[in-house]
Amino acid sequence: MLDRLPNVSIETGPVAVTVGRTLNGVRHVDLSGISGMTIAEQPGAGKTAGVNVLVAGLASRPDLVSLYIADGKGGSDWAWCSPYVTRYTNNDNFDDVLAMLHEVRNLMRTRLRSNVAEHGDSNFWHWGSTFNDCAVVVILDEIQNWITPAVKTKETKEKSEEFIALAIDIVKKGRSAGITLIAMTQKPTTDALPSALRDNAPP
């Protein structure tokens with residue numbers, strides 16, 4: 001349980017949240033310039049609890065960070081943050097998460113086309129994050145449920161392929177648009193996380 005918000009440093013360049021302390025000092029997670037990240041661990045090992053710290057910090061700066069969170073488990077682990085994020089779903093079917101990813105990809109495309117004209121620089125991290133152009137963080141918890149759905153029909157196969165294509169496109173191109181995708185899963189094997197996605201969102 002968090003008894004206070006973690007320290008956050010968000011300015012031109014870094015989007016960093018203090019997540020803990022070790023014998024070597026304070027530790028931060030800095031998402032600037034990172035297009036993707038994988039967080040993997042067995043059930044009950046604390047993936048969600050750990051990322052809660054990161055999300056709490058980012059959610060405390062809605063003026064500079066837009067959060068998109070999808071819970072593939074269909075539970076309520078992330079319900080606490082739903083009032084503070086740009087978009088949230090715990091619907092474990094495909095419709096909501098696909099709409100979310102399409103929204104993010106459309107924003108990515110717009111930024112990639114307009115960054116130079118509007119800011120004189122193609123790389124978001126050289127001038128962002130700003131009130132009008134927030135950094136974007138997408139968290140897909142239990143991502144394997146959309147990649148390898150339990151119910152296999154023609155429709156779920158097509159939607160799974162669409163999901164994978166969108167996620168890969170975002171992690172491949174999102175860095176210069178100020179977009180980071182975080183994939184959370186139990187095991188980062190190729191059946192749970194395609195290599196094209198995992199290679200661009202390293203652990």
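Trainee: What pattern does the chain follow, read along the sequence?

Mentor: Before that, a word on the source: this is a predicted model, where local features need pLDDT of at least 70, side-chain atom pairs count only at pLDDT 80 or more, and totals for chains, interfaces and linings use all residues. Residues are numbered from 1 along each chain as its sequence is written, and side-chain values use heavy atoms, with hydrogens and water left out. Now, helices (H or I, at least four residues) and strands (E, at least two) are DSSP runs, numbered from the N terminus. Here the pattern is β-β-β-β-α-β-β-α-β-α-α-β-α, giving 5 helices and 8 strands.

Trainee: How much of the chain counts as buried?

Mentor: Buried means under 20% relative accessible area, exposed over 50%, and partly exposed in between (1.4 Å probe, protein chains only). By that test, 47% of the 203 residues are buried.

Trainee: Is Glu 142 buried or exposed?

Mentor: Glu 142 has a relative accessible area of 7%, so it counts as buried. You'll find Glu 142 in the loop between β7 (135-141) and α3 (144-147).

Trainee: And what does Glu 142 touch?

Mentor: A contact means heavy atoms within 4.5 Å. Leaving out residues up to four places away in sequence, Glu 142 touches Lys 47, Gly 72, Lys 73, Met 184 and Gln 186. A polar contact is a pair of N or O atoms within 3.5 Å; within protein, one must be able to donate a hydrogen and the other to accept it, and residues adjacent in sequence count only if both atoms are side-chain atoms. The Glu 142 side chain makes one with the side chain of Gln 144 (2.6 Å).

Trainee: Where is Thr 156 found?

Mentor: Look in helix α4 (residues 154-173). Thr 156 is at 16% relative accessibility, so it counts as buried. Beyond its neighbours within four places in sequence, Thr 156 is in contact with Phe 94, Pro 149 and Val 151.

Trainee: Is Pro 62 buried or exposed?

Mentor: Exposed, with a relative accessible area of 54%. Pro 62 sits in the loop between α1 (47-59) and β5 (65-71).
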